Amino acid sequence: MLEKILVTKREEIEQLILPEYVEVPQFSLYKALSNSNRSTGLIAEVKKASPSKGIICENFNPVEVAKGYEKGGADAISVLTDVTYFKGHRDYLSTIKKEIALPVMRKDFIIHKKQVDETRNMGADAMLLIVGTVPIKELKALYDYAYSLGLECLVEVHAKEELVELLSCFAPEIIGVNNRNLKTFETSLTQTEEMATLIPDGSLFVSESGIHTSADIERVKNVGAAGVLVGESLMRAESPEKGIHALFGGESVAASS
Ligand SMILES: O=C(O)c1ccccc1NCC(=O)[C@H](O)[C@H](O)COP(=O)(O)O
């Protein structure tokens, strides 16, 4: 699946026209997760569809979802901007960014400097980089370029070998362990548990994908995850606020209005 997505991305990059840069207030993902009011920070994802689940949310209103996440006490928002596989759009991110005061991360498959420029021009605060999508030195160059533009990166791994390769090159500020196997689409929190001890002390550790219950949050928290990235279970909830409450229960901190 990843290879198919990357073929599409390479085609898109050839046609890519950058949006105009509009100045917006910036918020730090790292600080938001580190200073969370809960024992585990929450990146709540705006996700209409996915390759594994098809359409997740029929009546999709990205801005309303993001506002609901903010009200429900999320620490940061992730927005899928890929059109082909996730039915996302870069305009969703730009619009959300103008409406909420939380860090907004672009979740896409970023493999070229031009996409980093695009991400900055969209108004994002942070972006995803996935180990294995480009050679590790290129990934480091994209990471450095992003930070030079004021964009933070969540650097994601799907396997132990990828984490070892990443750390042999550099230790990112924020490391995400994705619990999804990209070949079978199955998620297993064992991924987080098995890689936890390898995450350096200086990096913020985020567990991503397949988190559906408060027990799941406890499980990843117990092995040291400082944050979680949750999409599907929140998108399927009766409302974003109720979804966050169901995941965090008593720890849920709704934003003051
Ligand atoms: O979600 C998918 O099906 C998927 C398939 C192929 C590559 C990436 C994919 N998802 C991206 C993500 O990492 C998730 O959207 C994110 O971690 C949230 O996961 P979830 O809470 O399980 O929706």
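Select strands S5 and S6 (residues 126-130): they pair in the parallel sense over 2 bridges. Two strands count as paired if DSSP finds at least two bridges between them. Strands here are DSSP runs of E with at least two residues, helices are runs of H or I with at least four, and both are numbered from the N terminus. Now pick Met105, which stands opposite Ala126 in S6. Follow the chain from S5 through helix H5 (residues 113-122) to S6; this β-α-β crossover is right-handed. Right-handed means that, with the strands pointing away from you, the path from the first strand over the helix to the second runs clockwise.

A word on the model. It is predicted, so local features need pLDDT of at least 70 and side-chain atom pairs count only at pLDDT 80 or more, while totals for chains, interfaces and linings use all residues. Residues are numbered from 1 along each chain as its sequence is written, and side-chain values use heavy atoms, with hydrogens and water left out.

Next, turn to the other neighbour. Select strand S4 (residues 76-80): 4 bridges join S4 to S5, and the two run parallel. Ile77 stands opposite Val104 in S5. The chain gets from S4 to S5 through helix H4 (residues 90-99), again in a right-handed β-α-β crossover.

Stay on S5 (residues 104-107). Are its faces covered or open? Both are covered: Val104 and Arg106 on one side, and Met105 and Lys107 on the other, are all buried. Buried means under 20% relative accessible area; exposed is over 50%, and partly exposed lies in between (1.4 Å probe, protein chains only). In a regular strand the side chains alternate between the two faces of the sheet.

Now show every strand of the barrel. 8 strands close it in the order S1-S4-S5-S6-S7-S8-S9-S10, with parallel pairing. The twist averages 25° from one strand to the next. Axes are lines fitted to C-alpha atoms, and angles run from 0 to 180 degrees between N-to-C directions.

Last stop: the ligand. 18 residues surround the ligand, and the closest are Glu45, Lys47, Ser52, Lys107 and Ser209. A residue counts if one of its heavy atoms lies within 4 Å. For Ser52 the distance is 2.5 Å. For Lys47 it is 2.7 Å. For Asn178 it is 2.9 Å.

Conventions
A polar contact is a pair of N or O atoms within 3.5 Å; within protein, one must be able to donate a hydrogen and the other to accept it, and residues adjacent in sequence count only if both atoms are side-chain atoms.
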